[in-house]
Amino acid sequence: MTSASEIERQLPQPLAERTRSVRFVDGVATLVVDAAGLSRADAAGLQDEVQRIVGGIAGVSEVRVAVMADRVARRIVAIGSGKGGVGKSTLTANLAVALARMGRKVGVVDADIYGPSQPMLLDASNQKVRAEGEKLIPVESEFGVRLLSMGQLVAPGKAIAWRGPMTGNALGQLMDAHWGDAELLLVDLPPGTGDVQLTMLQKFKPAGAVVVSTPQDLALIDATRAIDLFRQAHVPVIGLVENMAGYACPHCGEISDPFGQGGAEAAARALGEAFLGRVPLAMEIRIASDTGQPPAAGDGPQAQAFAAIAAGLAAWLDANER
Ligand SMILES: Nc1ncnc2c1ncn2[C@@H]1O[C@H](COP(=O)(O)OP(=O)(O)OP(=O)(O)O)[C@@H](O)[C@H]1O
Ligand SMILES: [Mg+2]
């Protein structure tokens, strides 16, 4: 006699692992399968396979399959700064790589409508974005990080005058893409603290934000502006990062401080926010970034700097689980 447990026994191992419940009443088999981490196509394939296999069992006249949707609790972390050129994009790419090395499943969203740079930083410029149904499929970098960029939505070299709603829709497509099992999306914000950034934050509600600053005296003012933006949008500030701190001379190794040192840390303290760490001003970082080789993927001192900041970010996320 066919029974629920008999049906369960007949499922091949990979299907059995994804099956959460089996009921069998009057010839009707009802199964609940878990499609967590699968693309929409693979989830549909899973459903078809269950239909076929269970439908082939003697005594089963009808098969009903309920597929549990992706249950990944995905969180968004925004990387912002009070002004441009301080290293948001460099930090975003390298934090993502460092987090991936720690075993986190990370995606990068390049929300910079003015100067998208993630495809270059993560060496994915020549990869085309595909869509499946209505949704975009992020491109894979060789560093274990998936990414999507506003830059991929427009033809290369073509300037676009983004308007409010257009920006929101385009960014919505990036955020709502097939991120699969990615548990964390790092969003590289456009520079500045204006309406564009505020609207983005209000719409996509990041779990937290990282503020990047250089160590100049002006850092306090810039960092304050960025923190104000996040507070206004009710996004918790995870912490500040000081970039371009201390210049390591490529010839003699001597460390000098062209922009001063400790400005961002002092700013963090004054503002009652955490300090996540500093990244030195280093020629290697600039060169590696331009050639799509994020230093965080290597083994040098820069990789350690990024790994330490990534560890702080991961610890915050773990401590602030919903
Ligand atoms: N720690 C560093 N050492 C050396 N060069 C760096 C460092 N951080 C960033 N840079 C370089 O500084 C330039 C600006 O960095 P990046 O593009 O990451 O800044 P950004 O804040 O994203 O800029 P934008 O506001 O234009 O988006 C790049 O050429 C980058 O390679
Ligand atoms: Mg940038």
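Visitor: Which residues are exposed on the other side of α11?

Guide: On that side of α11, P301, A315, D318 and A319 are exposed. Bear in mind that this is a predicted model.

Visitor: And which residues of α11 are buried?

Guide: The general idea comes from helix geometry. An α-helix has 3.6 residues a turn, so residues three or four places apart point the same way. Here, Q302, A305, F306, I309, A310 and L313 are the buried residues of α11. They lie on the same side of α11, because the arc they cover around the axis is only 125°.

Visitor: What covers the buried residues of α11?

Guide: The cover includes the helices α4 and α10. It also includes the strands β4 (75-80), β11 (208-213), β12 and β14.

Visitor: What span should the 19 residues of α11 have, and how far apart are its end C-alpha atoms?

Guide: The way to read this is to compare an expected span with the distance between the ends. Helix α11 runs over residues 301-319, and at 1.5 Å a residue it should span 27 Å. Its end C-alpha atoms are 27 Å apart, which agrees.

Visitor: Next, the ligand. Which residues come nearest to ligand 1?

Guide: Of the 20 residues around ligand 1, the nearest are G84, G87, S89, T90 and P191. Two or more residues of this shell come from each of α4 (88-101), β12 (237-248), β14 (275-281) and α10 (283-290).

Visitor: How many residues of the shell around ligand 1 are nonpolar, polar or charged?

Guide: Ten are polar, seven nonpolar and three charged.

Visitor: Where is K105, and what does it touch?

Guide: K105 sits in the loop between α4 and β5 (106-110). Leaving aside residues up to four places away in sequence, K105 touches D181, A182, E183 and L184. The C-alpha atoms of K105 and G144 are 8.2 Å apart, although 39 residues separate the two in sequence.

Visitor: How many helices and strands does the protein chain have?

Guide: The protein chain has eleven helices and 14 strands. Its C-alpha atoms fill a box of roughly 80 × 40 × 40 Å along the principal axes. Of its 322 residues, 41% are buried. Among contacts between residues at least 6 apart in sequence, 73% join residues at least 24 apart.

Note on methods: Residues numbered from 1 in each chain as written. Chains lettered and ligands numbered in written order. Predicted model: local features only at pLDDT ≥ 70, side-chain atom pairs only at ≥ 80, totals over all residues. Near = placed C-beta within 6 Å. Helix = DSSP H or I, 4+ residues; strand = E, 2+ residues; numbered from the N terminus. Nonpolar A, V, L, I, M, F, W, Y, C, P; charged D, E, K, R; others polar. Contact = placed C-beta atoms within 7 Å. Buried ≥ 20, exposed ≤ 12 C-beta atoms within 10 Å, placed from the backbone. Expected span 1.5 Å × (residues − 1). Arc of directions from axis to C-beta.
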